[in-house]
Amino acid sequence: MASKNKVPFRFKFSEFLLIIFVLLSSLLLAFNSGGFVVNLKKVGFSIISSVEKSVHFVVDGITNTVNSVGELRKLKKEYNELVLKLENYEQMQRSNADITKENERLKEQLGFSISMDEKNIPAQIISRNLDNAYSYLTIDKGSVNGIKKNMPVVAFQNGNQGLVGKVIQVGTFTSQIMPIYNIKNIVSVRIQNTRDLGLVSGLGTQNQPLLLQHIRKRVMEELSYGDVVVTSGENDNYMRDIPVGTITKITALDYNSSLNIELTPIIDFARLENVIVVNQKELNDRKTSSDNSDNE
């Protein structure tokens with residue numbers, strides 16, 4: 001019964017208009033007071049700030065990357081320049097060292113040339129024939145420099161004087177030398193300690209020993225490895241007592257009354273660059289001048 005007497009709720013049109021009017025009034029009042037404008041500005045500022053910050057981050061990253069690439073190229077260029085300077089410096093050091101050594105060799109040779117009693121002509125080897133047993137050396141001095149055929153040739157190497165050979169052919173500006181290792185070159189020599197006389201001949205190349213023959217067997221016990229063999233000075237072919245080589249091997253053959261003796265040349269021909277051609281018939285005027293200046 002109670003449910004039958006209940007009045008149902010109805011939403012009148014006039015009430016709806018009232019609600020709409022109240023809402024519109026509230027909105028107009030809010031706009032007029034600036035509340036919504038401020039909120040929109042805050043929202044827009046936040047959005048724009050975030051976009052600007054992102055753009056700045058991206059642009060800054062790209063700029064840093066470009067700068068880093070440029071800096072890397074600059075560093076690589078500077079590194080290559082430093083490497084080139086270092087190579088040039090090392091090359092300059094090697095060149096200076098080579099020049100210093102060359103000056104020392106020339107100074108040593110000049111001093112030896114001046115100290116010799118005989119007139120002499122310093123020369124440089126410009127070519128060599130090593131293809132056969134008849135090897136020759138060519139020097140840069142000829143007849144215009146006073147060189148003549150059969151003049152002896154010596155060298156001063158590593159503080160030691162040694163026999164190189166003799167002149168066999170003379171041109172205007174160059175000459176040819178037959179070295180002592182040529183099989184056709186035979187030199188009269190003596191063993192420095194015992195003064196026994198013998199003959200030295202070459203075996204054809206600068207890498208082979210010299211052969212000393214005609215030394216009597218009975219003096220074998222007086223000989224030692226390392227004994228120096230020098231020129232005898234006989235027949236005026238070479239000056240006296242110029243070192244030729246040192247004894248490295250002694251062989252006694254049953255069928256021969258003489259010893260076979262091998263020598264290592266005093267001169268290292270593989271490293272020989274400069275020689276001195278000697279004129280035995282004239283005195284060294286440079287030594288005379290040097291002696292006179294020392295006495296004064």
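A strand here is a DSSP run of E of at least two residues, and strands are numbered from the N terminus. Ser 258 belongs to one such run, strand β11. The model is a predicted one.

Start with the barrel that holds β11. Six strands close it, in the order β6-β7-β8-β11-β10-β9. Their pairing is antiparallel. On average, neighbouring strands of this sheet are turned by 40° against each other, direction ignored. In general, strands of a sheet pair through backbone hydrogen bonds, either parallel or antiparallel.

Strand β8 covers residues 210-216 and pairs with β11 in the antiparallel sense. Five bridges join the two.

Now walk along β11. At Ser 258, the relative accessibility is 14%, so the residue counts as buried, the limit being under 20%. Leaving aside neighbours within four places in sequence, Ser 258 is in contact with His 214, Ile 215 and Lys 217. His 214 itself is found in strand β8. Its phi is near 70°, a positive value in a residue other than glycine.

Asn 260 is also found in strand β11. With a relative accessible area of 22%, Asn 260 is partly exposed. Its contacts beyond four places in sequence are Leu 212, Gln 213, Lys 249, Ile 250, Thr 251 and Leu 253. Asn 260 and Ile 215 are 45 residues apart in sequence, yet their C-alpha atoms are 7.7 Å apart in space.

Ile 261 has its own set of neighbours. Not counting residues up to four places away in sequence, Ile 261 touches Leu 210, Leu 211, Leu 212, Ile 215, Leu 223, Ile 247, Lys 249 and Ile 250.

Asp 241 lies in the loop between β9 (228-231) and β10 (243-252). Its phi is near 65°, and Asp 241 is not a glycine. Its relative accessible area is 35%, so Asp 241 is partly exposed.

Turn to the other barrel. This closed barrel of six strands runs β1-β2-β5-β4-β3-β12, with antiparallel pairing. Its neighbouring strands are turned by 45° against each other on average, direction ignored. Within it, strand β4 (residues 160-170) pairs with β5 in the antiparallel sense over five bridges. Val 170 stands opposite Ser 175 in β5.

Which rings pair? The count comes to one aromatic pair. The ring centres of Tyr 181 and Phe 269 are 4.9 Å apart and the planes stand at 85°, so the pair is edge-to-face. Angles over 60 degrees count as such. Tyr 181 lies in the loop between β5 (175-179) and β6 (186-191), and Phe 269 in the loop between β11 (258-265) and β12 (274-283), so the pair ties together parts 88 residues apart in sequence. Both Tyr 181 and Phe 269 are buried.

Terms used
Residues are numbered from 1 along each chain as its sequence is written. This is a predicted model: local features need pLDDT of at least 70, side-chain atom pairs count only at pLDDT 80 or more; totals for chains, interfaces and linings use all residues. Side-chain values use heavy atoms; hydrogens and water are left out. Rings of Phe, Tyr and Trp (its six-membered ring) pair if their centres lie within 6.5 Å; planes under 30 degrees apart count as stacked, over 60 as edge-to-face and the rest as tilted. Helices (H or I, at least four residues) and strands (E, at least two) are DSSP runs, numbered from the N terminus. Buried means under 20% relative accessible area, exposed over 50%, partly exposed in between (1.4 Å probe, protein chains only). Two strands pair if DSSP finds at least two bridges between them. Axes are lines fitted to C-alpha atoms, for helices over the stretch in contact, and angles run from 0 to 180 degrees between N-to-C directions. Contact means heavy atoms within 4.5 Å.
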